[in-house]
Amino acid sequence: MISISKKRFCLVGVSLVLVFGGLSAQEKPASTMSEPMAVDGRISAALQQVSADRIRANIEKLVSFGTRSTISAQDPAAIASGRGVGAAREWIKSEFERYAQDCGGCLEVKTDTFTEPAADRIPQPIEITNVYAVLKGADEENAKRIVLVTGHYDSRNSDILDVKGDAPGANDDASGAAVSLECARVLSKLKFPATIIFLTVAGEEQGLNGSHHFAKMAKDQGWNVEAALNNDIVGGDKSAEQDHAVVRVFSEGLPAAATEQEIKRIRGLGGENDSESRQLARYIADVSRSYKKDVDVKPMLVFRLDRYLRGGDHSSFNQQGFAAVRFTEFRENFHHQHQNVRAENGIEYGDLPKFVDFDYVAHVAGLNAATLASLASAPAPPANVHLLTKDLENDSTLTWEASPGGHAAEYEVLWRATTSPEWEYVQKVGTVTRATLQLSKDNVIFAVRAVDPQGHRSLPVVPLPER
Ligand SMILES: [Zn+2]
């Protein structure tokens, strides 16, 4: 058992009743300020390979299929003619296969095809295909852990049932599909202990059908998806009001998959801001601080599932109980989404490549790649993290099980004020599985993370109370 010396805290916390911001001096010792994670030179070098030109070529290629409406033609003749969702799907598959060849077969390219029954936005049953590439983890035990990046390759215009008219979908969401492709291209040159999946789905505009099917398959087959990064509308539309230095990261608060009993506990303990998806969002912010020299965009964490009246593929993963977030440009231009290409009263409508900032998409791809690579390099999060609450006391004792997979060199206890958006303080506790801190659990939120010898950090795990 590690017991953090009270004396040490008293050195900095001379007056224990003096309150700085959210926490008292005792809870805010200067020696434990949280620092960004260590930079991994290998990851940094991979980020330098992310190419705005490649992303531009891929977005323009996706737009060249005219429409990628999920209900557009996908028969062999349509595929041969290069128009429609089928042609787009075949091209994405061939592109992943090209990357696989370039890395000596390190990527396994797969499709997930299913029939979606007729619904509001689906006039008759339709075959939908998700296309993905798997970079299997190099370590047998850790290969079971999966981190995933996704974007939807389908598009739409003003009429969700229009299967013929142009629906370029350059920003929504060729940009997101291009992020998955570019992450696959640059990261497939490296090996990681955990598995990375580069996914592109269809059916998003019709009702999140592709992501729903994929996430359910992952759940039914018992996949351990630690994180899903959804990129949807990451084109950085070139409107005057755009902030090209910022990308929004949306994360759910109350988990969609929580049971009534879990919701009751969350309500009772003030856990509304600590879903696994929110830990993932904070992790992305941590990654962006470490790789700020390589990634020229800052995440703006939005503690909300999605924008008003809008949805996205991350929620399909949330519904199956997986941590998932959504990346979206800072300011959307609604003239350039879900619109027939046209000009009216001097306004240009339509989702065309000329409105997309390809450098911006490359920066967002870099942030995704840095997050995927950091998570896939890190040890598994500690398991069964608990906070002992049996006795009334002002100390806090946390217990956990060792990070499965054996890569953890040490553990760190994090904490922050209940009012703080991000982790503020950290105490290294070594290779133990139990730690007592002279901090009151009533005043702070704790988490535990595993760290490997190179400083790769797992996602932090917030403890469950144990009586
Ligand atoms: Zn979209």
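This is a predicted model: local features need pLDDT of at least 70, side-chain atom pairs count only at pLDDT 80 or more; totals for chains, interfaces and linings use all residues.
**Zinc site**

I started with the donors of the zinc ion. They are His 152 through NE2, Asp 172 through an OD atom, and Asp 232, which is listed with two OD contacts. The distances run from 2.0 to 2.6 Å.

I then looked up the angles. The four donor atoms subtend 53 to 145 degrees at the zinc ion. For reference, I noted that the ideal angle for four tetrahedral donors is 109.5 degrees.

Next came the sequence positions. The donor spacing reads H-x19-D-x59-D. His 152 belongs to strand S6 (residues 145-152) and Asp 172 to helix H6 (residues 170-187), so this pair ties together parts 20 residues apart in sequence.

His 152 has a relative accessible area of 0% and is buried. Asp 172 has 5% relative accessibility and counts as buried because the cut-off is under 20%.

**Helix H6**

H6 has 18 residues, and its first and last C-alpha atoms are 24 Å apart, close to the 26 Å expected at 1.5 Å a residue. As for cover, 18 of its 18 residues are buried.

**Helix H5**

I listed the buried residues of H5, which include Val 85, Arg 89, Trp 91, Ile 92, Glu 95, Phe 96 and Tyr 99. What do the buried residues of H5 pack against? I found helices H3 (52-63), H4 (76-81) and H6, together with strands S4 (107-116), S5 (126-135) and S7 (195-201). Just after H5, I noted a positive phi of about 65 degrees at Gly 104.

**Glu 226**

Last, I looked up Glu 226, which lies in strand S8 (residues 224-231). Is Glu 226 buried or exposed? I read a relative accessible area of 9%, so Glu 226 is buried.

I then looked for a polar partner. The side chain of Glu 226 makes a polar contact with the side chain of Arg 145 at 2.5 Å. Setting aside neighbours within four places in sequence, I listed the contacts of Glu 226 as Arg 145, Ile 146, Val 147, Ala 323, Ala 380, Pro 381 and Leu 459.

Notes
Residues are numbered from 1 along each chain as its sequence is written. Side-chain values use heavy atoms; hydrogens and water are left out. Donors are N, O and S atoms within 2.8 Å of the metal (3.2 Å for Na, K and Ca); water is not among the atoms, so sites may look incomplete. Four donors count as tetrahedral if all angles lie between 85 and 135 degrees; four count as square planar and six as octahedral if opposite donors are over 155 degrees apart and all others between 65 and 115; anything else is irregular. Helices (H or I, at least four residues) and strands (E, at least two) are DSSP runs, numbered from the N terminus. Buried means under 20% relative accessible area, exposed over 50%, partly exposed in between (1.4 Å probe, protein chains only). Contact means heavy atoms within 4.5 Å. The expected span of a helix is 1.5 Å times one less than its number of residues. A polar contact is a pair of N or O atoms within 3.5 Å; within protein, one must be able to donate a hydrogen and the other to accept it, and residues adjacent in sequence count only if both atoms are side-chain atoms.
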